[in-house]
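Subject: Structure handover

Hello,

The structure you were expecting is below. My notes on it follow.

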Amino acid sequence: PLTTTKRLRGPEYAATTYFVQELRRDLEKTYGEDTLKQGGLSIRSTIDTRLQLAAQTALQNGLIAYDRRHGWRGPVTTLEVNENSAEALKAVKLPGGYGTWEAALVTKVGSNSAELLLTDGNTIKLPGEEVKWAATFKPEKGKGGLLVGQVVIAEFKRQEKKVEAPAEPAVDENGEPLPPPEPIMVPVGNATLRQVPEVDGSIVALDPHTGRVLAMQGGYSFFKSQLNRVTQSRRQPGSSFKPFVYAAALEKGYTPATKQLDAPFVSYDVSTQKYWAPKNYTAGQSYGNVTLRVALEKSLNQVTARVAQDIGMEAVSDLAERLGVYDKLPPYAAMSLGAGDTELINLVRGYAAFVNGGKKVTPTLLDRVQDRYGRTLYRNDKRACEGCQAADWNGEEPPVLPDNREQVLDPII
């Protein structure tokens, strides 16, 4: 008999939103919206939900920590504190991306703590360190810090309230037993003052040997911004582009022990008639003659610019294009320090060649697509496997698949 299966739930499933939407866009381009929604397709993706949840958690924690270092930006809104405050608080709309955080109304403020009213009428304590952090909010007009009547975002834990079980099970008017009531969740411990970060970011993890995308988080939260910063946003890679400059130098005969001068550097662009003088991150500090290994370890801008000038920016552009970091990289000097914008997925694709022996990979979200009858419509790995369909196995060695990936970098590099 036919049975129904409940949809996947839980944090691992909720964390896949960016990946699923990117996959949906790819499938719609290939098969059309009608086939995707009504064609009964069986889709096997590359995602690892465990890694996806870890990627989302890592990105969100990093953005929250960065945002917190820049101070509190103030309350969501303000309300009057009276007997109807809990009901009014329920109507407050929080900014997208608040997740499991909740709205809370400040009812008392002291030097060492504050009291927050929650939407269910319960109260919770906000410790002194949170009140101190809130003091970083300094509006142009009025008093700063935490004030009574402010609606804030708070994070805290809830646990099920212990309720004595009734002596007899509850029944309806027909004598049928009623389902158990929903558990009452009450706040416990102290609250933490929160705000949805203004800054955003992205993270992607892929298998460097196959290009299978294992995790993709295109922003802090899909409910804050639907823009997938992994594939839809172009950014300057900055110093993360430097390994490609040094890889191009190795192709030209340099070694990690080759020494280069770290000193003030000036380049003149004939086409723009302008000078370019990059500085090290530690402005005003130079290290003299250093090896390329040390220059890369310390991310020295002046050495990187000199290396690019010595080997020619054409060599750097050629390598970056071969590895798939750029479709076309103009051979301008500033590009050696990552001034050319690209998508994060392409930058990671380029890094994969450093790991897999210099092979070019194509990122993919799909392993296989089948129609409603089980016929394969798409398979990412198109290599022929001779011997995989053997009727019997008598202890022979497993078949070896051919490696048809393009060699774009010397594996020694």
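Asparagine 280 sits in the loop between strand 13 (274-276) and strand 14 (288-291); helices (H or I, at least four residues) and strands (E, at least two) are DSSP runs, numbered from the N terminus. This is a predicted model, in which local features need pLDDT of at least 70 and side-chain atom pairs count only at pLDDT 80 or more, while totals for chains, interfaces and linings use all residues. Residues are numbered from 1 along each chain as its sequence is written, and side-chain values use heavy atoms, with hydrogens and water left out.

Asparagine 280 has a relative accessible area of 5% and is therefore buried (under 20% relative accessible area; exposed is over 50%, partly exposed in between; 1.4 Å probe, protein chains only). A polar atom of its side chain lies 3.0 Å from the backbone nitrogen of asparagine 301 and one lies 3.1 Å from the backbone nitrogen of glutamine 302. Leaving aside neighbours within four places in sequence, its contacts (heavy atoms within 4.5 Å) include Asp262, Gln285 and Ser286.

Phe244, Val245, Ala247, Ala248 and Glu251 in helix 7 meet Ala315, Val316, Leu319 and Arg322 in helix 10.

Regards

Definitions and conventions: Polar contact = N/O pair within 3.5 Å; in protein donor to acceptor, adjacent residues only side chain to side chain.
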